[in-house]
Amino acid sequence: MSKTMKQLTMEFGVTRQAIMRKMDDKFRSKYVSKVHSNGVSKLTISDDGYKLLKQHFLSSNRAVSNENVSHSNYVTHDSATDTAMELLEKQLVEKDKQIEKLQQSLSEAHKLLDQQQQLNLSTNRQNEKLIDTNTNSQDDSPSQNDDTDVSEPTEGNYKGVENKTLKKGLFGWFRR
């Protein structure tokens, strides 16, 4: 019994175009005929033509399915893809190096910041101690004049004029 193109495509699991490619002029003249029914013309293939197409498509489907099973993990690349992949890999390596350098510099910056904070803290503590000792020593000696800071004359710095400077505020002793 002859079969239509639609039946063949369903049975073989291929497209109409694939079947049409396999039918050359000699095959068409021997095995293909046109049938008109309900105003529609359909191509029908005879039993002998059906057997030839079945043999071709089923053997090629088996070969393709075996090939897919045995090479399922193999991926082919052309030379352009290979060069692009190599370029991308080089860029990734370069970016990794840049990231590593940035992480090192960030780590160094954190260390420096920590050291600076510790230095500031120790300096502030020393300043507080100095202020405390200065205010305590001023309370102990009431005869000291708080309004002026006079340099004692010596042989090297005395010119007949006394150097007097006014203290200004709490931190006047810093300005000496």
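Modeller: Let us begin with a pair of residues: threonine 44 in β3 is the bridge partner of threonine 4. Please bear in mind that this is a predicted model.

Biologist: How do you know that strand β1 and strand β3 pair?

Modeller: Pairing requires at least two bridges between two strands. Strand β1 (residues 3–4) and strand β3 (residues 40–45) are joined over 2 bridges, in the antiparallel sense. The criterion is at least two bridges, so β1 and β3 are called paired.

Biologist: What makes strand β2 a partner of β3?

Modeller: Strand β2 (residues 32–37) runs antiparallel to β3, with 6 bridges between them. At least two are required, and therefore the 6 bridges qualify β2 and β3 as a pair. Within β3, lysine 42 stands opposite valine 35.

Biologist: What do β2 and β3 form, and how many residues lie between them?

Modeller: They form a hairpin, with 2 residues between the strands. In the turn, asparagine 38 has a positive phi of about 55 degrees.

Biologist: Why is threonine 9 called buried?

Modeller: The relative accessibility of threonine 9 is 17%. Buried means under 20%, so threonine 9 counts as buried.

Biologist: Where is threonine 9 placed, and which residues is it in contact with beyond its neighbours within four places in sequence?

Modeller: Threonine 9 belongs to helix α1. Once the neighbours within four places in sequence are set aside, its contacts are Val14, Thr15, Arg16 and Ile19.

Biologist: What makes one side of α1 its buried side?

Modeller: The buried residues in helix α1 (residues 5–12) are Met5, Leu8, Thr9 and Phe12. These residues lie on the same side of α1 because they cover an arc of only 100 degrees around the axis.

Biologist: Which exposed residues does the face turned away from that side carry?

Modeller: That face of α1 carries Lys6 and Met10, both exposed. After α1 comes glycine 13, with a positive phi near 75 degrees.

Biologist: How many helices and strands does the protein have, and what share of its residues is buried?

Modeller: The protein has 5 helices and 5 strands. From the N terminus, their order is β-α-α-α-β-β-α-α-β-β. Of the 176 residues, 12% are buried.

Technical notes:
Residues numbered from 1 in each chain as written. Predicted model: local features only at pLDDT ≥ 70, side-chain atom pairs only at ≥ 80, totals over all residues. Heavy atoms only, no water. Buried < 20%, exposed > 50% of the residue type's maximum accessible area, 1.4 Å probe, protein only. Arc of directions from axis to C-beta. Contact = heavy atoms within 4.5 Å.
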